[in-house]
There are 2 protein chains.
Amino acid sequence: MARSDREFLVGLNLIPQLTPVRTKRLFARFDTFGAIWNASGAALASVVGSPVVGEAIASGRSETAIDEEFARADELGVQIVTLVDEAYPALLREIDDPPMVLYVRGSLPIDPARSIGIVGTRRGTRYGKMVAGRFASQLALKGMTIISGLAAGIDTAAHQGTLDVGGRTVAVLGCGIDYPYPKRNQPLLANLVENGVALSEYPLGTRPAKWTFPQRNRILAGLSRGVIVVQAPERSGSLITARLALEQGREVFAVPGNITTMTSAGTNRLIKFGAKLVDSIDDVLVEFPDLWERQRTAAEPEEEKEPDLGEREQQVYDLIGLEPVHVDDIIARADLSPTEASHVLLLLQLEDLIDEVEGGRFVRKP
Amino acid sequence: MARSDREFLVGLNLIPQLTPVRTKRLFARFDTFGAIWNASGAALASVVGSPVVGEAIASGRSETAIDEEFARADELGVQIVTLVDEAYPALLREIDDPPMVLYVRGSLPIDPARSIGIVGTRRGTRYGKMVAGRFASQLALKGMTIISGLAAGIDTAAHQGTLDVGGRTVAVLGCGIDYPYPKRNQPLLANLVENGVALSEYPLGTRPAKWTFPQRNRILAGLSRGVIVVQAPERSGSLITARLALEQGREVFAVPGNITTMTSAGTNRLIKFGAKLVDSIDDVLVEFPDLWERQRTAAEPEEEKEPDLGEREQQVYDLIGLEPVHVDDIIARADLSPTEASHVLLLLQLEDLIDEVEGGRFVRKP
């Protein structure tokens, strides 16, 4: 009876009706997970707003099930990490509806400063898989951890590209950690957990279902500082991941592709809407200035270079020095609308006078 | 001796040292083209800032050459249109350094409201040429005039795509209008002038040279409301056209392509810098609201749809109604930085709640 919060969380997570959002609401009302565990069906119902769901939660609680789940995890060599544990991934804790429980194979922690998601359609073309694999390898060589979803196509290429260079990769599953799905990727999964991590929020034995994949995507985005969508058709789970990443305040990157290829329609659309186009990993790394050492050479005073600029161009150019200036500051200081400013910045970049050095920050070219 | 301005302009344009920029400066000083024609070498030198150039201009003037040029044009069936003529294209007159003279085959005018440039590399791939041809056909069917440069590759596909649907296309040449370059495209040129226009600012017989193409590109951009760059490697004349278009305040559109294709590196870069990604002609047409009839159905009051949005999303969503609102106004009214605003707008688009209806303007989806 002297259950820990860990045990209550695992027990609550075994109840299908108890989504992370509902648990969060219940926790706000009952203050402890133990109190949720012991609340009456009526009390639960009043918080979740449905007598049926309240009753289902109440009757779904099972002490035996908790003990059995821990025993099974032990047997399988699966680590159980709950929201109250130190080992819970820091970035994932920040999202609106963090999983209560993670079933983990391989080794935590997942470095929150170095996690990048690489996702895309199961129907990735040769081009898409090649880009996913290449980006994964290159980012892994820079010390990044590659997060993906173990699905066929782009995800597989991302995991494999990481493993090819001995990198660390994380697979977020849409089924129980012990459920062999996708079947074809079980050897990949086995390799991956040697040096990386596989995890799932679902109780052991959970089969994949249509709704588990979008749920899984929020964890994938939640573990990542930014997500690269490599290839996606107009309707794709990867676009859901992109949306979730945005909602969580994470960066979204998209790889462009030929407009005649269906599998690039979604990524091109993301870019059209404002996601950052990436054609090299530098476009990704530049967004995380904490990851790079500024290589600035002591600036020798040079011959004055006086480019021949229009009035607005000159005004913006004058605002940009050797220290990065953010576009928002440029807009605030110049007497320009954001639209005009981005127009002028595009022009100055084409004239090779300025460089974007990190997200929305510009420096003068020496 | 009673020369017209037309004749003076043609005479001045025959002098190689007399660039449009210098002529403009001289005109500002001398007030009439006749006065430039009759000015002393020293007076010319003091304005252009070089005794050598002043003298070259003075000694380059030839009355005979003017008469011969008009006679040759007549013989060839070439129309001569100068800056002072009614027939001079209105959009082109707006640029900083409009050509003094246009040698024209085919039929003016070029509808300033309906001119779109389609350009790209001579080394266009099958993909690039297919897209150029398709966009040209589709835009021509919407009544647009397609401006391009008669070069091999993308330009050829753009002209041909227009002709295939009986559309009107304009070829801007980088050599004299009578100089058969590129040789392979002479049959295309002959077809094109049946229903369209070919033009050049160069005196009759001028051979193409390295420097004539960038000069030509300013005319191409100057004639266009917007320019679509279909395919371009990192260093490409098409990117010069894009830069010139921006300098002239024209829209720049770019077609994305696989990042593994060299010939899409330049267009992907344009998009990365802020050019608008196009994957359908609607992306182009939407920027010119005067070209489309708003199809708004009388809005029946509907069931309230209350999307579940974050605070910032809700704030922005509330600002967007059925009338298009410009992003700059959204930024001004919401308490958001431009970067935050574009992030939120991307999210609302992904959630299918708003639509971009024209450049930077958003409406709520009904």
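Which residue forms a salt bridge with A:Asp67? It is A:Arg3, and the closest N and O atoms of the pair are 2.8 Å apart. A salt bridge here is a side-chain nitrogen of Lys or Arg within 4 Å of a carboxyl oxygen of Asp or Glu.

Some ground rules. This is a predicted model, so local features need pLDDT of at least 70, side-chain atom pairs count only at pLDDT 80 or more, and totals for chains, interfaces and linings use all residues. Residues are numbered from 1 along each chain as its sequence is written, chains are lettered from A and ligands numbered from 1 in the order in which they are written, and side-chain values use heavy atoms, with hydrogens and water left out.

Back to that pair. Helices are DSSP runs of H or I with at least four residues, strands are runs of E with at least two, and both are numbered from the N terminus.

Is A:Arg3 buried or exposed? At 17% relative accessibility, A:Arg3 counts as buried. A:Asp67, at 42%, counts as partly exposed. The cut-offs: buried means under 20% relative accessible area, exposed means over 50%, and partly exposed is in between, with a 1.4 Å probe and protein chains only. The pair also belongs to a network: A:Arg3, A:Glu7, A:Glu63 and A:Asp67 are linked by salt bridges.

Now chain B. B:Asp67 forms a salt bridge with B:Arg3, with the closest N and O atoms 2.8 Å apart. Here B:Asp67 is in helix H6 of chain B, B:Arg3 is in the segment before helix H1, and they are 64 residues apart. B:Asp67 is partly exposed at 41%. B:Arg3 is buried at 17%. Over all chains, the structure has 35 salt bridges.

Next, chain A as a whole. Its secondary structure comes to 17 helices and 12 strands. Its C-alpha atoms fill a box of roughly 80 × 45 × 40 Å along the principal axes. Of its 366 residues, 56% count as buried. The accessible surface is about 16,100 Å², and 49% of that belongs to carbon and sulfur atoms. That area comes from the Shrake-Rupley method with a 1.4 Å probe; for residues, only the protein chains shown count as cover. What about contacts, meaning heavy atoms within 4.5 Å? Among contacts between residues at least 6 apart in sequence, 70% join residues at least 24 apart.

One residue to look at is A:Leu91. It is found in helix H7 (residues 90-93) of chain A. A:Leu91 is buried, at 12% relative accessibility. Leaving out residues up to four places away in sequence, A:Leu91 touches A:Pro112, A:Gly222, A:Leu223, A:Ser224, A:Arg225 and A:Arg250.

Now the interface. How many residues does each chain bring to the contact? Chain B gives 43 residues and chain A gives 43 residues. The buried area is about 3,900 Å², with carbon and sulfur atoms giving 65%. Buried area is the accessible area (1.4 Å probe) that two parts lose on being put together, summed over both. On the chain B side, B:Ile259, B:Lys272 and B:Phe273 supply 18% of the area that chain B buries against chain A, more than any other three residues.

There are six salt bridges between chain B and chain A. Several helices of chain B each supply at least two residues to the side that touches chain A, among them H8 (126-141), H12 (237-247) and H17 (338-350). The largest share, seven residues, comes from H17 of chain B.

Stay with B:Arg243. Its side chain also meets that of B:Glu247 in a salt bridge, at 3.6 Å, N to O. Both lie in helix H12 of chain B, four residues apart, about one turn of the helix. B:Glu247 is partly exposed at 41%. B:Arg243 is partly exposed too, at 25%.

Note on methods: Contact = heavy atoms within 4.5 Å.
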